[in-house]
Amino acid sequence: MILTNIEIGLSIEIDDKLVGNLIYIGKKHYPNEFGGFLIGNYSDDFKKLNITDTILPNRYKSTPFLFERENIGVDEQFEKFYKENPQKFYVGEWHTHPNNLPIPSNMDIKAMNNITNSKEVAIQNPIFLIIGYNKIKTELGFYIIFKNKIYKYETVNK
Ligand SMILES: [Zn+2]
């Protein structure tokens, strides 16, 4: 799946198998939210971000309206992953919205701003994926914070 935002000038390509996997993992936690980290790499010209993998948190708090991951034990998982995949790195986060649309809540926007401005995050503009789903359909929303403004990505093809 390829996504683009004309204003940002960075397109996103996410592996369809990974998307399917995230939806599957997320729905297993119904009716609670769930999520994790997104891993990938840039194209050589830095115009495309490829999202290829996920790392899941060891510990988290989740309810039907909230998902908070904890960092405990995550460093070890990242270290192991980076050793095996030296060309890949953290590119963002994902979480689900059960029985809801993939629209960021006020808490989500706060968290997105905190993560984007965090000194521990190596990339300038992490990607935030929200998976909204109900019994009938699943919708994806990809967001990025650029110069303190939130932008939504549009799907180019599927
Ligand atoms: Zn949310």
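Predicted model: local features only at pLDDT ≥ 70, side-chain atom pairs only at ≥ 80, totals over all residues.
## An irregular zinc site and its aromatic surroundings

The four donor atoms around the zinc ion subtend angles of 55 to 157 degrees, so the arrangement is irregular.

Residues are numbered from 1 along each chain as its sequence is written, and side-chain values use heavy atoms, with hydrogens and water left out.

**The zinc site.** Which atoms coordinate the zinc ion? They are His95 (NE2), His97 (NE2), Asp108 (OD) and Asp108 (OD), at 2.0 to 2.6 Å. Donors are N, O and S atoms within 2.8 Å of the metal (3.2 Å for Na, K and Ca); water is not among the atoms, so sites may look incomplete. Along the chain, the donors of the zinc ion have the spacing H-x1-H-x10-D. Histidine 95 sits in strand 7 (residues 89-98) and aspartate 108 in helix 3 (residues 106-117). The pair is 13 residues apart and links distant parts of the chain. Helices (H or I, at least four residues) and strands (E, at least two) are DSSP runs, numbered from the N terminus.

UniProt, in an unreviewed entry, places the feature "domain: JAB" at residues 18-132. UniProt positions are given in the numbering used here, feature names are shortened, and annotations may be inferred rather than shown by experiment. Over residues 18-132 the chain is 30% helix and 35% strand. The end C-alpha atoms of this stretch are 16 Å apart.

**Aromatic pairs.** The structure holds 13 aromatic pairs. Rings of Phe, Tyr and Trp (its six-membered ring) pair if their centres lie within 6.5 Å; planes under 30 degrees apart count as stacked, over 60 as edge-to-face and the rest as tilted. The rings of tyrosine 60 and phenylalanine 67 have centres 5.8 Å apart and planes at 35 degrees, so this pair is tilted. For phenylalanine 81 and tyrosine 82, the centres are 6.4 Å apart and the planes at 70 degrees, so that pair is edge-to-face. Phe81 and Tyr82 also belong to one aromatic cluster with Phe37, Phe78 and Tyr90.

**Burial.** Buried means under 20% relative accessible area, exposed over 50%, partly exposed in between (1.4 Å probe, protein chains only).

| Residue | Relative accessible area | Class |
|---|---|---|
| Tyrosine 60 | 32% | partly exposed |
| Phenylalanine 67 | 16% | buried |
| Phenylalanine 81 | 13% | buried |
| Tyrosine 82 | 28% | partly exposed |
| Histidine 95 | 12% | buried |
| Aspartate 108 | 12% | buried |

Key:
Tetrahedral: all angles 85-135°; square planar, octahedral: opposite > 155°, others 65-115°.
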